[in-house]
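Here is a friendly briefing to read with the structure open beside you. Take the topics in any order you like.

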Amino acid sequence: MAEAKRIATREAYGKALVEFGAQNPDIVVLDADLAGSTKTAMFRDAYPDRHFNCGIAEANMMGVAAGLAAAGKIAFASSFAMFAAGRAYEQIRNSIAYPKLNVKIGATHAGISVGEDGASHQCLEDIALMRDLPNMVVMNPADAVEAREVVKAAIEHDGPVYMRFGRLAVPVINNKPDYHFEIGKGELLKEGTDVTILATGLCVAAAIDALPLLAEHGINAELINICTIKPLDEDIILRSAAKTHRVVTAEEAWISGGLGGAVAELLSEKLPTKMKRIGIGDRFGESGPALELLDKYGLTGSGIAHTVEGFVQQQ
Amino acid sequence: MDNLELKKIANKVRKGIIIGVHSAKSGHPGGSLSAADILTYLYFEEMNVDPDRIKDPDRDRFVLSKGHCAPGLYAAMAIKGYFPFEELTTLRHVGARLQGHPSMQYLPGIEMSTGSLGQGISAACGMALAGRLDGRNYRVYTLLGDGELEEGEVWEAAMFAGAKHLDHLCIIVDNNDLQIDGPIAEVNDPHPIDRKFEAFGCHVINVSDGNDFDQLRAAFEEAKTVKGKPTAIIAKTLKGKGVSFMENAVGWHGKAPNDEQFKVAMADLDRIDEELEKGGAQ
C-alpha cells in the first residue's frame with residue numbers, strides 16, 4: 001500500500017461534518033477541548049454557531065448531546081475514543097443508548113496507532129464496550145472514503161451511532177467507482193478458498209498487503225472488510241466461513257470482545273469454525289511511533305500474513 | 001391556581017406516591033414526598049405543558065435528574081392527565097410503563113430517561129441549548145437531589161450552563177439533607193450548595209421552605225426574570241413530608257411501606273385532606 005495516498009480517518013470525519021453540515025442545519029457538534037485533534041474544528045470554523053466546546057468534561061458532553069437530540073438535533077459528540085467510550089461509557093449507556101437518542105459519537109485516536117501518547121490514550125476496548133449496548137450502531141471505517149460514508153450513514157440513521165476514527169494517516173483503498181457503503185454490510189474485497197480474513201479499520205489495508213505474501217506461500221485468502229461491527233453482517237461471514245472453513249479476524253483492538261469476539265460469538269452458535277483472532281492480546285499498549293507499534297503488534301501486512309500462514313498450516 | 005388548590009393537588013401527589021410505592025413493594029418515597037410540592041408547582045402552575053400536546057416544540061421541559069423519585073413525578077403526571085391515576089399501582093411491575101426510574105421509551109411525556117445520578121442535568125443543558133439554537137422560548141427545569149450533588153457530572157453541567165449562559169435553564173435542588181447512608185453533611189458534605197452554584201455562574205435563589213407554595217412561587221417568578229445565566233433554586237425541604245413516620249427519617253429513602261404502614265400513611269394524608277377542606281370552607 002506504499003503507493004496509495006494516506007489520509008487519517010479523523011481528517012475525513014472533520015471534512016464530512018463540514019460537507020453534510022451545510023445541507024442539514026439540525027447537525028450540531030460537541031467537543032471536549034480536542035477540536036483540533038478530532039478535526040471538529042473544521043466544523044467549528046465553518047458553522048461557529050453550531051459547534052460547542054464542552055471543555056474537558058466528557059461525561060457532561062454526552063449528556064448535553066442527549067438533551068440536544070431529545071430536542072430534535074442530530075448531535076455529534078467527539079473526543080478521543082478513550083474518553084468517549086471509556087470515560088463517558090455510562091453516560092453513553094444510560095443517557096444515549098437506553099433512550100435511543102439521535103447522538104453520533106465520533107471517537108478519534110482509537111487503538112495503538114495513537115502512538116507516542118502511550119497506553120493511557122490507546123483505547124482498545126471501545127469496540128467491545130459499544131457493541132455490547134442495545135440500540136447502538138458501531139462502525140470502524142478503513143479509510144477516508146469509508147469514513148465519509150460512515151458519517152453520511154450515521155446522519156441518515158435515526159438512533160445512537162459510535163464511529164471509530166484513527167489518528168494515523170492510512171492508505172486510501174476505497175476510491176473506486178463500484179464502492180458502495182451500507183450500514184451492516186460487509187464488503188468482499190477478494191475472493192479466496194483457503195481462509196477468510198475479516199478485517200476492520202486500518203487492518204483492512206494491512207490485510208490487503210498480506211494477500212500477495214500469502215499467495216507466495218500458496219494460500220488463497222478471502223478478504224472481507226467489516227466496517228459495521230454492529231449490526232454484524234452475519235450472512236457474508238457465514239457464507240465465507242462455510243466455504244473456507246477457517247476464519248481470521250484482524251483489528252486494532254483487544255481481541256476479547258471486539259470484532260474477534262463478535263465473530264466468535266456468531267460462528268460458535270451458527271457454524272463452529274476454526275478461528276484466529278489478530279489484535280492486541282491481554283496487555284496494555286505502549287509509547288512509540290504508530291507504524292513501529294503496528295509492526296511490533298503484528299498489525300502490518302507482513303504481520304497479518306505471518307499469523308494467517310501459521311494458522312492455515314496448523315489447521 | 002391558588003395555594004389551597006395546589007396544596008390539595010400536592011396531597012394527592014403524596015397519596016399517589018404512597019399508593020405506587022406500596023404496590024411496587026419497593027421504591028423511593030422519602031425524596032418523592034419532599035419534592036411533591038415542587039413537582040406540583042411545576043406541573044400545575046409553572047410549566048407550559050399539556051398532556052394532549054406532548055410533542056409541542058414550544059413546551060417547557062422537565063428532567064427529573066433525581067430519577068429515583070419517579071413515584072412523585074408519575075403521580076404529578078397522572079393527576080395532570082398524562083395517564084390514569086389508577087395506573088400508579090403498576091409502578092415497577094413487569095410490563096408497566098412506570099419503570100422504576102423514568103424512561104422516555106416507555107412513558108410518553110417523560111422528557112429524558114434518568115436514574116443514574118448526575119446525568120439529567122446535562123441533558124437539561126442540551127435541551128436549553130437546543131431551544132436557544134431554534135429561537136424558541138421554552139424553559140427547561142431539572143430537579144436534583146442534594147445527595148446527587150456529590151456526582152462530579154453535576155458540576156461539569158453547572159460549569160457548562162454558566163459558561164454557555166443558559167438562562168432558560170432552571171436547576172432546582174431538593175435539599176432535604178438526607179441521602180441513603182445518612183445526612184448529606186456526614187456522608188460527603190456538599191455544602192455550601194448555594195455558593196458552589198454561584199461560583200459556577202448560576203443565579204442562586206435560596207428557598208428556606210421548599211414545601212411552601214408562596215416561597216416556591218416567588219422563587220420561580222424571580223428565576224424567569226434572570227437573563228444571561230442559569231438559575232439554581234436551592235429549596236430546603238422535609239424528607240418524607242406528609243407521612244408522620246417517614247418525615248426526616250433516613251430509613252425511608254428507599255423502602256416501601258408494608259400493608260400496616262400503608263394504612264397509617266394514607267390516614268395521615270386523609271387528615272391533611274380534611275384540614276385542607278376545612279381551610280377551604282373558611
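This is a predicted model: local features need pLDDT of at least 70, side-chain atom pairs count only at pLDDT 80 or more; totals for chains, interfaces and linings use all residues.

Two strands count as paired when DSSP finds at least two bridges between them.

**Chain A as a whole**

- Chain A contains 13 helices and 14 strands.
- Its C-alpha atoms occupy a box of roughly 60 × 40 × 40 Å along the principal axes.
- Does the radius of gyration of chain A agree or disagree with that of a compact globule? It agrees, because a compact globule of 315 residues would be near 20 Å and chain A has 19 Å.
- Of the 315 residues in chain A, 61% count as buried.
- Among contacts in chain A with a separation of 6 or more, 81% come from residues 24 or more positions apart.

**Two domains in chain A**

- Domain 1 of chain A covers 6–171, and domain 2 covers 187–314.
- Between the C-alpha centres of these two domains of chain A there are 25 Å.
- Where they touch, domain 1 of chain A contributes 28 residues and domain 2 of chain A contributes 31 residues.
- On the domain 1 side of this contact, the elements giving two or more residues are α7 (126–131), β6 (137–139), α8 (144–156) and β8 (169–171) of chain A.
- That side of domain 1 of chain A is made up of 15 nonpolar, seven polar and six charged residues.

**Strand β4 and its partners in chain A**

- Strand β4 (residues 74–80) of chain A is mostly covered, with seven of its seven residues buried.
- Strand β2 (residues 27–31) of chain A runs parallel to β4(A), and five bridges join them.
- Within this pairing, A:V28 has A:A75 in β4(A) as its bridge partner.
- β4(A) also runs parallel to strand β5 (residues 103–108) of chain A, to which six bridges join it.

- Strand β10 (residues 195–199) of chain A pairs with strand β13 (residues 246–254) of chain A in the parallel sense, over four bridges.
- A:T196 is found opposite A:V247 in β13(A).

**Where chain A meets chain B**

- The contact brings together 23 residues of chain A and 22 residues of chain B.
- On the chain A side, α4 (58–70) and α6 (89–97) each supply at least two residues.
- α4(A) gives the largest share of that side, with nine residues.
- By class, the chain A side has 13 nonpolar, seven polar and three charged residues.

**Cis peptide bonds**

- A:K230 and A:P231 are joined by a cis peptide bond with omega of about -5°.
- A:P231 sits in the loop between β12 (228–230) and α10 (234–244) of chain A.
- In chain B, the peptide bond from B:H191 to B:P192 is cis, with omega near -5°.
- B:P192 belongs to the loop between α7 (184–188) and α8 (193–199) of chain B.

**Loop residues in chain B**

- B:G118 lies in the loop between α4 (70–80) and α5 (119–133) of chain B.
- Is B:G118 buried or exposed? B:G118 is buried, because 26 other C-beta atoms lie within 10 Å, and the cut-off for buried is 20 or more.
- Leaving out residues up to four places away in sequence, B:G118 touches B:E148, B:E151, B:E153 and B:V154.
- B:G118 and B:G152 are 34 residues apart in sequence, yet 7.3 Å apart in space from C-alpha to C-alpha.
- B:K25 is not a glycine, although its phi is positive at about 60°. B:K25 lies in the loop between α1 (3–24) and α2 (29–34) of chain B.

Definitions and conventions. Residues are numbered from 1 along each chain as its sequence is written. Chains are lettered from A and ligands numbered from 1 in the order in which they are written. Domain bounds come from an automatic or database domain assignment. Two residues are in contact if their C-beta atoms, placed from the backbone, lie within 7 Å. Ala, Val, Leu, Ile, Met, Phe, Trp, Tyr, Cys and Pro count as nonpolar, Asp, Glu, Lys and Arg as charged, and the others, Gly among them, as polar. The radius of gyration is taken over C-alpha atoms; the globule rule is 2.2 Å times the number of residues to the power 0.38. A residue is buried if 20 or more other C-beta atoms lie within 10 Å of its own, exposed if 12 or fewer, and partly exposed in between; C-beta atoms are placed from the backbone.
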